[in-house]
Amino acid sequence: MNTAIETRPDAAGTALAHGTVILDEFVEARGPWSAMVAAGDVLTIVDLEGNQAVDCLLYAAGDTTVRYSAAATIAAQQSIVLTTGSVLRADTGAALMTVVADEVGVHDTIGGACSQESNTLRYGQHTREQHACVENFLIEGSRWGLGKPDLVSNINWFMNVPVDPDGALGIVDGLSAPGKRVALKAEVDTLVLVSNCPQINNPCNGFNPTPVRMIVTRPEAAL
């Protein structure tokens, strides 16, 4: 459930990109969120309490069959790490959004999203009924006509997934801290789906999911 801010305390000052505030919402711990971000607008994601993983999917608003591709993004930038300057590309190679500012420096796009099935395999049968990111994506995606076949490899903002020399992936404490931000400029009208990760079985959220803040600003020149 999305919680709109009735009063918006210094949203313009909190956003990493100057401009008129178009949207300012909190996403509750463990919850889903979505919004359409118009081309040229900038989405700032604020890690309010630190060490929170924010799973994210991107779709071209005009044609949701054009969606974020981890493979295309990694191949184009020759790096598995997302940070300032990373162009978030669709499976067609088209740019959907660009990371224009980043206070953390390392964001993941290979670790995937937690699901009830993966929780059971990794952590045991007692986790079978735990809510997970895939369920959040399905709940929020249904508002836009998206279903399970539309889910693809996702971005994990603020999540730290080091790769060992043997190729093994780790999920460890994040590098973020309270108030840290990352900002994404929409290159085309972009549907953004978010799962404010509910994972409590590994350190990606410090075993304690917390809220995040989503602020969209529009440059003055675009008004």
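**Exercise 1. Determine which residues of helix α4 are buried.**

Solution. Begin with the extent of the helix: α4 covers residues 133-141, where helices are DSSP runs of H or I with at least four residues, strands are runs of E with at least two, and both are numbered from the N terminus. Next apply the criterion, in which buried means under 20% relative accessible area, exposed over 50%, and partly exposed in between, with a 1.4 Å probe and protein chains only. The buried residues are then C133, V134, E135, N136, F137, E140 and G141, so that seven of the nine residues in α4 are buried and the helix is mostly covered. The model is predicted, with local features needing pLDDT of at least 70 and side-chain atom pairs pLDDT 80 or more, while totals for chains, interfaces and linings use all residues. Residues are numbered from 1 along each chain as its sequence is written, and side-chain values use heavy atoms, leaving out hydrogens and water.

**Exercise 2. Describe the largest nonpolar core and state which residues have the most contacts inside it.**

Solution. A nonpolar core is a set of buried Ala, Val, Leu, Ile, Met, Phe, Trp, Tyr and Cys residues joined through side-chain atoms within 4.5 Å. The largest one has 32 residues, and L88 and W157 have the most contacts inside it. Strand β5 (residues 54-60) gives the largest share of this core, four residues. Apart from it lies another core of eight residues, including M159 and C197.

**Exercise 3. List residues that L88 contacts, leaving aside neighbours within four places in sequence.**

Solution. With contact taken as heavy atoms within 4.5 Å, the partners of L88 include L58, Y68, I155, W157 and L184.
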